[in-house]
Amino acid sequence: MMQELFIEDIRLHAYHGCLEEEGKIGGKYRIDIKAVADFSECADSDDLNKTVDYVVVYDLVKEEMAIRSKLIEAVAKRIALKLQAQYAWVSEWEVSLTKYNPPVGGSLGQSRVVWKLK
């Protein structure tokens, strides 16, 4: 039986974007993670070593967000691949990366990409 684990609303300041200005002043981002796996062993044993550790996920996300990229798609893919490498027993990962107020010369609240790995 599979369960879903959500780690939501990681908020970071980062420097992604195609414009030179974005590399200097940066912007606000939100990252949401979903892991799909059989979590019954950790639920039965109450053992942190048998599940996805939030601290490890946060640190991994923060590390990848610190690497400047032009596209949020590239960042989301890197995060998903790193999570998959860290927790190979998880059957599915979903990384949602939201960029607030992207500079488009008008009013745009946010853009988001969702990267899924199975």
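On a 1 Å grid over the protein atoms alone, a pocket is an open set of points where a 1.4 Å probe fits, with protein on both sides within 12 Å along at least five of seven lines, and its lining residues have an atom within 4 Å of a point. Grid points are joined across faces, edges and corners, and a volume is the space filled by probe spheres set on the points. The model is predicted, so that local features need pLDDT of at least 70 and side-chain atom pairs count only at pLDDT 80 or more, whereas totals for chains, interfaces and linings use all residues. Residues are numbered from 1 along each chain as its sequence is written, and side-chain values use heavy atoms, with hydrogens and water left out.

By composition the lining of the largest pocket comprises seven nonpolar, two polar and five charged residues, where Ala, Val, Leu, Ile, Met, Phe, Trp, Tyr, Cys and Pro count as nonpolar, Asp, Glu, Lys and Arg as charged, and the others, Gly among them, as polar.

For the second largest pocket the volume is about 160 Å³, and Gly26, Gly27, Tyr100, Asn101 and Pro103 lie nearest its centre among 14 lining residues. The elements that give two or more residues to the lining of the second largest pocket are α1 (20-25), β2 (27-37) and β3 (92-100), and the lining divides into six nonpolar, four polar and four charged residues.

Helix α4 has 15 residues and reaches 21 Å from its first C-alpha to its last, close to the 21 Å expected at 1.5 Å a residue, a span taken as 1.5 Å times one less than the number of residues. Within α4, Ile72, Val75, Ala76, Ile79, Ala80 and Leu83 are buried, that is, under 20% relative accessible area with a 1.4 Å probe and protein chains only. Seen down the axis of α4, these buried residues fall within an arc of 130 degrees and therefore line one face of the helix, the arc being that of the directions from the helix axis to the C-beta atoms. Among the elements that cover the buried residues of α4 are β2, α3 (54-65), β3 and β4.

Conventions. Helices (H or I, at least four residues) and strands (E, at least two) are DSSP runs, numbered from the N terminus. Buried means under 20% relative accessible area, exposed over 50%, partly exposed in between (1.4 Å probe, protein chains only). Contact means heavy atoms within 4.5 Å.
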